[in-house]
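Subject: Structure handover

Hello,

Please find the structure below, followed by notes on what turned up in it. Keep it open while you read.

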Amino acid sequence: MSIPWRGRFQDSPITWEQYLDIDEEDRRNLEIIDGYVVPREQRDGRHQKVASRMSNAIEESAVEEMRRSGDMCIETNTETSVLLWEVPPTARIPDVVVNRCLEDFGQLTADSVLIVVEVVSPWSKRRDRIHKMADYADAGIPHYWIVEFDKIGAVSVERYALEVRKRAYAHVETTHRDGHGLAIDITTPFRIVIEWEQLTVAPRI
């Protein structure tokens, strides 16, 4: 039986099993950080649309990669919980996650993740650029992207790669919509090519 969150787990640390017992609808808007349940930051419609556009664009490249390689299975998702570590339990819900395919109903864990993407809103900048970045690096996720957006769609994409020994991210590249070229043009962790038009949510006026 699922358990309501408010009034029970609001101020005390819990186990991973207790977190999974929280009502599924509630859990979609909650993360667990060092055992404490934390509400996710606000996300408006444009934020969610940009995340969906990014997920779809990466998926197109993932499908091409699977066709080429024949031996790699890649999934892309939005609004999916990633278990970073179990003690104390810590799980984040990235805006977009790219991972090796899981068995049905398997819990996504950091060791299966290739890329996490966070779409930055005014109320999420500190979490995305400091707290989440540190957690993803500590969990060993190899690639982290940060996307800024406006009313038209994605404005910039910052890419970071994990320095394994330091357990910290190093900046690789930032692309801007007003510049020339593609939003994404990379070969690691697999070939991904994304045009800015794929990340548009409204027409330019």
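C73 and C101 form a disulfide, with 1.9 Å between their sulfur atoms. A disulfide here is a pair of cysteine sulfur atoms within 2.5 Å, and by this rule the count is one. C73 sits in the loop between α3 (45-69) and β3 (74-77), and C101 in the loop between β6 (96-100) and β7 (113-120), so the pair ties together parts 28 residues apart in sequence. Helices (H or I, at least four residues) and strands (E, at least two) are DSSP runs, numbered from the N terminus. The torsion about the S-S bond of C73 and C101 is about -75 degrees, so this disulfide is left-handed. C73 is partly exposed, at 42% relative accessible area, and C101 is partly exposed too, at 27%. Partly exposed lies between buried (under 20% relative accessible area) and exposed (over 50%), using a 1.4 Å probe and protein chains only.

Before going on, note that this is a predicted model: local features need pLDDT of at least 70, side-chain atom pairs count only at pLDDT 80 or more, and totals for chains, interfaces and linings use all residues. Residues are numbered from 1 along each chain as its sequence is written, and side-chain values use heavy atoms, with hydrogens and water left out.

Next, a hairpin. Strand β9 (residues 154-163) and strand β10 (residues 168-176) pair in the antiparallel sense over eight bridges; strands pair if DSSP finds at least two bridges between them. A161 has A170 in β10 as its bridge partner. Four residues lie between the strands of this hairpin, and R167 takes a positive phi near 50 degrees.

Which residues form the aromatic cluster? Y136, Y144, Y160 and Y169 form one cluster, and a search of the whole structure finds four aromatic pairs. Rings of Phe, Tyr and Trp (its six-membered ring) pair if their centres lie within 6.5 Å; planes under 30 degrees apart count as stacked, over 60 as edge-to-face and the rest as tilted.

R27 lies over the face of Y19, at 6.0 Å from the ring centre. The rule asks for NZ of Lys or CZ of Arg within 6 Å of the ring centre and within 35 degrees of the ring normal.

Regards
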